[in-house]
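Hello,

Here is the structure I promised to pass on. Have a look at it first, then read my notes below.

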Amino acid sequence: MSVYVDAAGNIRACYPAAQPAVQRLFIGSHLDTVPQAGAFDGVLGVVLAVALVKLLAGRFLNFEIEVVGFSEEEGVRFGIPFIGSRALVGTVDDQLLSCRDGAGIRVVDAIRAFGLDPSKMNEARVNDDALGYLEFHIEQGPVLESLDLPIGIVEAIAGQSRLDFVFEGEASHAGTTPMNLRRDALAGAAEWICKVESEAQATRGLVATVGRLQVQPGAGNAIAGNVLASLDVRHADDATRKQAVEAFQACANEIAKRRGLSVSWKYNLDQGSVAMDAALVKTLNASVSHSGYPVHKMVSGAGHDAMIMASRMPAAMLFVRSPGGISHHPDETVRAEDVAAALMAGKAFLEKLQESALS
C-alpha cells in the first residue's frame, strides 16, 4: 500500500486495483478519542480496515481500497468535531481553521506546528466517483450485548438537537422565605427534567438527556435564582426529534409560568439524521448472513465519520459489540470472536462488491 499523511493529518493508505482508472472504496475510522477513554473507540475500525487488506493476501480487486485513519473526530481540542473526515469531503473552510483551543492556538497553527501545509487542504478532498465508504466501529452502547449478537448493521445515524435552557427565578434565603412565596429556579428545572425523561420513555426510539446543570448562586442555604440546563435530544427521524424538542420547550414554558419563573433557550446544535446507503446496507446484510451471523439492523445514537462521508459518497457502517455497553472509559473492550465476525463480514462485503464490479 502507498501511504501518506494529508494536510489534515489523516493517515491514508491506498491498495491498488487489478487495473487502473477504476473506482475507490474507502474503509476507515478515527484515530483520536476522548480523555480518560479506552483503546478501541475509532482505532479498532482502522485496524480492521488494514486487516481486511491483509486478508486479500496480495490479490487485487476491480476497485482500489483506501484505508483512512482520520486524525480528529471527537472535537475535544477545538470544539469542532470531524476535522479529519471534513477534509475528505471538502468542508474544512477558513472559519473552521480559525477555531482556537483552550490555549488560544488556532487549528491552522496546530496543522503548521505538526509540519503540514494547510494551504494544501483541498488536495485531501476525494473525487466524486468514489465507490463508497465502510466504517467498522464499536457500538458504544448495550444493545448488541443485550441481544447476544457480535455485530450489527447501522441503517441510520440519529439526528441531534442540543440546547441550553435557562430558568430564571429569584434567589433568596433558604431559612426565611416561606415555601409558598418562593420562585425556585432549581425546583422548576428539576420538574422539567423529570418530564423530559418520562416523555422520552414514551416515544419509541427517542433519547433525551439533561446532562449538565449550572446553579446560581449555588449555595446550600440559598434558593436558586438561575439554572442553566443542557438538553440533548436524538432520534433517527428528524420530524419526531423536532416535535420532541418543541414539546420540551412547551413543557418548560408551562412549568415556568405556573411557578412564577421565566425560561429561555438557545440551540447549540441542530443536526439532521443521516441514512446509510440502501444498496451498501443491502450488501452488508447479505455479507453478514453469508458469514453465518444473524442480521440485526440498528440506529446509531452517536455521531460518526460515516455521517460526514455520506455527504459525498455511499456510506455503510458495521457495529461491533461493546461488552457491558462501555465506551469512552478505560474499561472499554471488545471480544476477539466479535472482531473475527466483523472481519468475516467485511471480507464477504469485499467479495460481493467484486462480484458486482465484474457483472
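Which residues have the most contacts inside the largest nonpolar core? They are Ile-27, Ile-65, Met-276, Leu-318 and Leu-350, in a core of 59 residues. Helix H10 (residues 336-358) gives the largest share of this core, eight residues. A second, separate core has 24 residues, including Ala-185, Leu-231, Val-233 and Phe-248. As background, nonpolar side chains in soluble globular proteins tend to be buried together.

Please keep in mind that this is a predicted model.

Ile-65 is worth a click. Leaving aside neighbours within four places in sequence, Ile-65 is in contact with Ala-13, Cys-14, Tyr-15, Leu-25, Ile-27, Val-53, Leu-56 and Leu-350.

Now the overall picture. The chain has 359 residues, and 48% of them count as buried. It holds 10 helices and 16 strands. Its C-alpha atoms fill a box of roughly 80 × 45 × 35 Å along the principal axes. Take the contacts between residues at least 6 apart in sequence: 78% of these join residues at least 24 apart.

Helix H4 (residues 107-113) supplies the largest share of the lining, with three residues.

What about disulfides? A search of the whole structure finds zero. Cys-251 is in none, and the nearest cysteine sulfur, that of Cys-194, is 10 Å away. Cys-251 counts as buried because its relative accessibility is 13%, under the 20% cut-off.

Last, some backbone points. Most residues other than glycine have a negative phi, and most peptide bonds are trans. Here are the exceptions I noted.

- Phe-82 has a positive phi, near 65°. Phe-82 sits in the loop between strand E4 (64-70) and helix H2 (83-89). Its relative accessibility is 7%, so Phe-82 counts as buried.
- His-328 also has a positive phi, near 55°. His-328 is in the loop between strand E16 (315-320) and H10. At 33% relative accessibility, His-328 counts as partly exposed.
- The peptide bond from Gln-216 to Pro-217 is cis, with omega near 5°. Pro-217 lies in the loop between strand E10 (213-216) and strand E11 (222-223).

Best wishes

Methods
Residues numbered from 1 in each chain as written. Predicted model: local features only at pLDDT ≥ 70, side-chain atom pairs only at ≥ 80, totals over all residues. Heavy atoms only, no water. Helix = DSSP H or I, 4+ residues; strand = E, 2+ residues; numbered from the N terminus. Disulfide = S-S within 2.5 Å. Buried < 20%, exposed > 50% of the residue type's maximum accessible area, 1.4 Å probe, protein only. Core = buried A, V, L, I, M, F, W, Y, C linked by side-chain atoms within 4.5 Å. Contact = heavy atoms within 4.5 Å.
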